[in-house]
Amino acid sequence: MTAGELATAMQRAGLLEEPVPPAAERWIATFLLAFGSRCATVDEALGEVALLRAEATTIPALELERLRNRQVVFFLDAVSQYVDAQAELRDLPLASDVPAIADEFGIAHDDAFAALRMALTGRAEGPPLELLFPLLGHERVMIRVGAVSSRLLHGRGLEPIAYGPGGVPFETIQAQKPPDTRRGS
């Protein structure tokens, strides 16, 4: 699928004005980088566009339970503040910045990326976050992170379920003490 085909389909669906503004052309180019190989048809692409434009996402219940932890809520809030402070979401050094934020809260880097992806998309896998951030934009990133935090804090609170499927004890993402980076005296 080409950028022109996607733009035409988005216009037909009422998702894009005519003529296509330059900012929308950049958004479509980023979308094709992120989702082009994942979407075989224009209809599949329109489905992904609709999901990206939604203000909230649905997180599977067990994945939401994994996030039910004070450090994860603080981490997500810090990411939201980080996004709010950025003038532009393209080309952010997320590969280094997300781990640095995670370290502040003792969250393993893999868990931090997984928590952030789940909060933003409701999915365990997908395009790189470096492409998702500009596709979602400042407002949606902050709204989605805020919605997850609100659901965690104002639903049942931060007390996780005791047992998962099959009666196996359930654990949330666990915080760890950050490594001591001070040099010996």
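User: What makes up the largest nonpolar core, and which residues have the most contacts inside it?

Analyst: It has 52 residues, and Phe 31, Leu 67, Phe 75, Leu 116 and Phe 133 are those with the most contacts inside it. H1 (3–12), H2, H3, H5, H6, H7 and H8 each supply at least two residues, and H8 gives the most, with 10. A nonpolar core is a set of buried Ala, Val, Leu, Ile, Met, Phe, Trp, Tyr and Cys residues joined through side-chain atoms within 4.5 Å. Please keep in mind that this is a predicted model: local features need pLDDT of at least 70 and side-chain atom pairs count only at pLDDT 80 or more, while totals for chains, interfaces and linings use all residues. Residues are numbered from 1 along each chain as its sequence is written, and side-chain values use heavy atoms, leaving out hydrogens and water.

User: How many helices and strands does the protein have?

Analyst: There are eight helices and zero strands, where helices (H or I, at least four residues) and strands (E, at least two) are DSSP runs numbered from the N terminus.

User: What lies 3.3 Å from a polar atom of the Arg 68 side chain?

Analyst: That is the backbone oxygen of Leu 152. A polar contact is a pair of N or O atoms within 3.5 Å; within protein, one must be able to donate a hydrogen and the other to accept it, and residues adjacent in sequence count only if both atoms are side-chain atoms.

User: How many aromatic pairs does the whole structure hold?

Analyst: The search finds three. Trp 27 and Phe 31 form a stacked one, at 5.7 Å centre to centre with 15° between the planes. Rings of Phe, Tyr and Trp (its six-membered ring) pair if their centres lie within 6.5 Å; planes under 30 degrees apart count as stacked, over 60 as edge-to-face and the rest as tilted. Trp 27 and Phe 31 are both in helix H2 (residues 22–35), four residues apart, about one turn of the helix. The rings of Phe 31 and Phe 35 have centres 4.9 Å apart and planes at 20°, so this pair is stacked as well. Trp 27, Phe 31 and Phe 35 form one aromatic cluster.

User: What lies over the face of Trp 27?

Analyst: Arg 53 does, at 5.6 Å from the ring centre. A charge sits over a ring if NZ of Lys or CZ of Arg is within 6 Å of the ring centre and within 35 degrees of the ring normal.

User: Which residues of helix H6 are buried?

Analyst: In H6 (residues 94–104) they are Leu 94, Val 98, Pro 99, Ile 101 and Ala 102. Down the axis of H6, they fall within an arc of 160°, so they line one face of the helix; the arc is that of the directions from the helix axis to the C-beta atoms. These buried residues pack against helix H5 (70–84), helix H7 (109–121) and helix H8 (129–154).

Notes
Buried < 20%, exposed > 50% of the residue type's maximum accessible area, 1.4 Å probe, protein only. Contact = heavy atoms within 4.5 Å.
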